[in-house]
Amino acid sequence: DTDRALVLLEEYCKKLRKPEEQQLKKAIRKVMGIFKSSLFQALLGSFKKKATRHGTTSHTSLPAALACDVLGCLKD
């Protein structure tokens with residue numbers, strides 16, 4: 001879910017302290033802002049409804065999958 005993705009991204013951001021990592025940290029914060037936006041939440045809700053209708057739902061949510069892909073997390 002989006003909350004899980006935000007937690008993963010926030011934890012990763014806390015590890016970015018070097019000057020050369022600040023651009024990456026800024027980009028991740030932008031992604032976090034997008035995940036928190038009402039537009040993204042509405043689009044995600046629409047995506048989930050369509051996926052459910054077509055029987056293509058999965059256990060891993062789109063935002064969490066994206067965050068794990070970017071951060072190299074192990075998937076459930």
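Gly-33 is partly exposed in this predicted model, and its relative accessible area is 38%. The residue belongs to helix H2. Leu-6 is itself one of the buried residues of H1.

A second residue of helix H2 is Lys-36. Lys-36 is exposed, with 57% relative accessible area, a value above the 50% cut-off. The C-alpha atoms of Lys-36 and Asp-3 are 8.9 Å apart, while the two residues stand 33 residues apart along the chain. Asp-3 is listed among the exposed residues of H1.

**Overall composition**

The protein has 76 residues, of which 26% count as buried. Its secondary structure consists of 4 helices and 0 strands. Read from the N terminus, the order of elements is α-α-α-α.

**Helix H1**

Helix H1 covers residues 2-15, which gives 14 residues. From the first C-alpha to the last, H1 reaches 20 Å, close to the 20 Å expected at 1.5 Å a residue. The buried residues of H1 are Thr-2, Ala-5, Leu-6, Leu-8, Leu-9 and Cys-13. Viewed down the axis of H1, these buried residues fall within an arc of 165 degrees, and they therefore line one face of the helix. The other side of H1 holds the exposed residues Asp-3, Lys-14 and Lys-15.

**Helix H2**

Helix H2 comprises 15 residues, 22-36. At 1.5 Å a residue H2 should span 21 Å, and the distance of 21 Å between its end C-alpha atoms agrees with this. Ile-28, Met-32 and Phe-35 are the buried residues of H2. Because they cover an arc of only 55 degrees around the axis, they lie on the same side of H2. Gln-23, Lys-26 and Lys-30 are exposed on the face of H2 that is turned away from its buried side.

**Packing of H1 against H2**

The axes of H1 and H2 are 10 Å apart, and the two helices pack at an angle of about 165 degrees. Angles over 145 degrees count as roughly antiparallel, and H1 and H2 are therefore roughly antiparallel to each other. Their crossing is left-handed.

**The aromatic pair**

The count of aromatic pairs comes to 1. The ring centres of Phe-35 and Phe-40 are 4.9 Å apart and the ring planes stand at 25 degrees, so the pair is stacked; the cut-off for stacking is under 30 degrees. Phe-35 is buried, with a relative accessible area of 3%. Phe-40 counts as buried as well, at 16% relative accessibility. Both assignments rest on the cut-off of under 20% for a buried residue.

**Accessibility of individual residues**

The table gathers the residues discussed above for which a relative accessible area is stated.

| Residue | Relative accessible area | Class |
|---|---|---|
| Phe-35 | 3% | buried |
| Phe-40 | 16% | buried |
| Gly-33 | 38% | partly exposed |
| Lys-36 | 57% | exposed |

Within helix H2, the buried set thus includes Phe-35, whereas Gly-33 is partly exposed and Lys-36 is exposed.

Definitions and conventions
Residues numbered from 1 in each chain as written. Predicted model: local features only at pLDDT ≥ 70, side-chain atom pairs only at ≥ 80, totals over all residues. Heavy atoms only, no water. Expected span 1.5 Å × (residues − 1). Buried < 20%, exposed > 50% of the residue type's maximum accessible area, 1.4 Å probe, protein only. Arc of directions from axis to C-beta. Phe/Tyr/Trp six-rings, centres within 6.5 Å; stacked < 30°, edge-to-face > 60°. Axes fitted to C-alpha atoms, helices over the stretch in contact; angles between N-to-C directions. Parallel < 35°, antiparallel > 145°, perpendicular 65-115°, else oblique. Left-handed = near helix turned anticlockwise from the far one by under 90°.
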